[in-house]
Amino acid sequence: MAHTARNSSPGSGVGERQNHFVPLGRNRKVGSMKIGIIGAGNIGGNLTRRLTALGHEVSVANSRGPKTLSALAEETGATAVTAAEAARGARIVVVTVPLKAVPDLPAGFLDGAAEDAAVIDTGNYYPQQRDGRIAAIEDGLPESRWTEQQIGHPVVKAFNGTYAQDILDRGAPQGSPGRQALPVAGDDPAAKQAVRDLIDELGFDTVDAGGLDESWRQQPGTPVYGNQGDADAIVKALAEASPERTAEWRA
C-alpha cells in the first residue's frame with residue numbers, strides 16, 4: 001500500500017456472491033523472465049528486491065530518472081531505466097505509481113512489452129491524502145478500470161492492499177498453515193494466471209476476486225484492504241465488501 005506502507009466502485013449483489021471468490025492454491029514455478037517495474041516506492045522497491053532474488057531480470061524506473069535508482073540497482077542487480085524503457089521485452093509489467101501520476105506516464109510505454117504481457121496495477125485512490133479529486137472514480141468507476149483507461153491496456157489489480165513490508169517478510173512455502181493470501185482481480189484469465197503464479201512464487205496464496213469491475217472490493221476502506229489473512233479470510237472479506245465508499249476515501 002502506498003499510504004502508511006500500504007499500496008490501493010460501486011457494484012452490487014454482495015450477499016449473493018458468497019461463493020464467487022475462489023482460492024487459487026496450487027504452486028507453479030514461474031521460471032526467470034523479464035519484469036518491468038514502474039515506480040520505486042515502498043511496493044515497487046520491495047518487489048524489485050524479491051523478484052531479483054528469485055532470479056528474474058528486473059528493470060525498474062521512477063519519475064526522477066535512472067540515476068536516482070543507482071542504490072537500488074546496486075543492492076538488487078536490477079537495471080535502472082527510464083519509465084519509457086521499463087516495459088521493453090517484459091512478460092510482466094508492474095505499474096506502482098500514485099494514481100494522480102498515471103496520466104503522466106510516457107505515451108506508448110507498453111509498446112515494447114511482450115505480446116502477452118500482464119500489467120499489474122497496485123494503485124489506490126487517495127483523494128484527500130494525495131491524489132485530489134478524480135471525477136470518474138467519484139462517480140463510481142473502479143480505480144483500476146480508470147487506470148486501465150489511462151494507459152490503454154488491460155490491467156490485473158494486485159498488491160494494492162498489501163503492506164510493503166509483508167512482501168519481504170511474510171512469504172511462505174506453498175501449503176504452509178495460515179499462508180497469507182492476496183486478492184487478484186482482472187478480466188483476462190491468462191494474465192490473471194500469470195500474476196497468480198508470480199505471487200505464489202513470492203510466497204503467497206491468491207484468491208480470484210473476479211473481473212476488474214469487481215475490483216472495488218479491494219479498494220481502500222474495504223475489509224480486504226490491509227488484511228493479512230489466509231485464503232479463507234480473504235474470501236470472506238471480499239464477500240463482505242460494501243460498494244459504498246466511506247467518507248475518508250471520498251474527495
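The legends below describe close-up views of one predicted protein model.

Residues are numbered from 1 along each chain as its sequence is written, and side-chain values use heavy atoms, with hydrogens and water left out. Because the model is predicted, local features need pLDDT of at least 70 and side-chain atom pairs count only at pLDDT 80 or more, while totals for chains, interfaces and linings use all residues.

**View 1. The whole protein chain, with its secondary structure and surface.** The protein chain holds eight helices and nine strands, where helices (H or I, at least four residues) and strands (E, at least two) are DSSP runs numbered from the N terminus. Of its 251 residues, 53% are buried; buried means under 20% relative accessible area, exposed over 50%, and partly exposed in between, with a 1.4 Å probe and protein chains only.

View 2. Helix H5 spans residues 143-151 and is mostly covered, with seven of its nine residues buried. These buried residues are Glu143, Ser144, Arg145, Trp146, Thr147, Glu148 and Ile151. Strand E6 (118-121), helix H4 (135-138) and strand E7 (156-157) are among the elements that cover them. Just after H5, glycine 152 takes a positive phi of about 70 degrees.

**View 3. Isoleucine 137 in helix H4.** Isoleucine 137 belongs to helix H4 and is buried, with a relative accessible area of 0%.

View 4. Phenylalanine 159 lies in the loop between E7 and helix H6 (164-169). This residue has a positive phi of about 70 degrees, although it is not a glycine. Most residues other than glycine have a negative phi. With 2% relative accessibility, phenylalanine 159 counts as buried.

View 5. Leucine 51 is part of helix H1 (residues 42-53) and, at 1% relative accessibility, counts as buried. Leaving aside neighbours within four places in sequence, leucine 51 is in contact with Ile35, Ile37, His56, Val58, Leu198 and Leu202, contact being defined as heavy atoms within 4.5 Å. The C-alpha atoms of leucine 51 and leucine 202 are separated by 7.7 Å, while the residues themselves are 151 residues apart along the chain.

**View 6. Threonine 76 in helix H2.** Threonine 76 is found in helix H2 (residues 70-76) and is buried, with a relative accessible area of 16%. The side chain of threonine 76 reaches the backbone oxygen of leucine 72 at 2.7 Å. Not counting residues up to four places away in sequence, threonine 76 touches Thr48, Arg49 and Thr52.

**View 7. The largest cavity and its lining.** About 80 Å³ of space lies in the largest cavity, a cavity being a set of points, on a 1 Å grid over the protein atoms alone, where a 1.4 Å probe fits but cannot get out. The lining comprises 13 residues, with Gly161, Thr162, Leu182, Pro183 and Val224 lying nearest the centre; lining residues have an atom within 4 Å of a point. Strand E8 (residues 181-184) gives the most to this lining, with three residues. The lining residues divide into seven nonpolar, six polar and no charged, where Ala, Val, Leu, Ile, Met, Phe, Trp, Tyr, Cys and Pro count as nonpolar, Asp, Glu, Lys and Arg as charged, and the others, Gly among them, as polar.

Terms used. Polar contact = N/O pair within 3.5 Å; in protein donor to acceptor, adjacent residues only side chain to side chain. 1 Å grid on protein atoms, 1.4 Å probe; cavity = no way out; pocket = protein on both sides within 12 Å on 5 of 7 lines; lining within 4 Å. Points joined across faces, edges and corners; volume = space filled by probe spheres on them.
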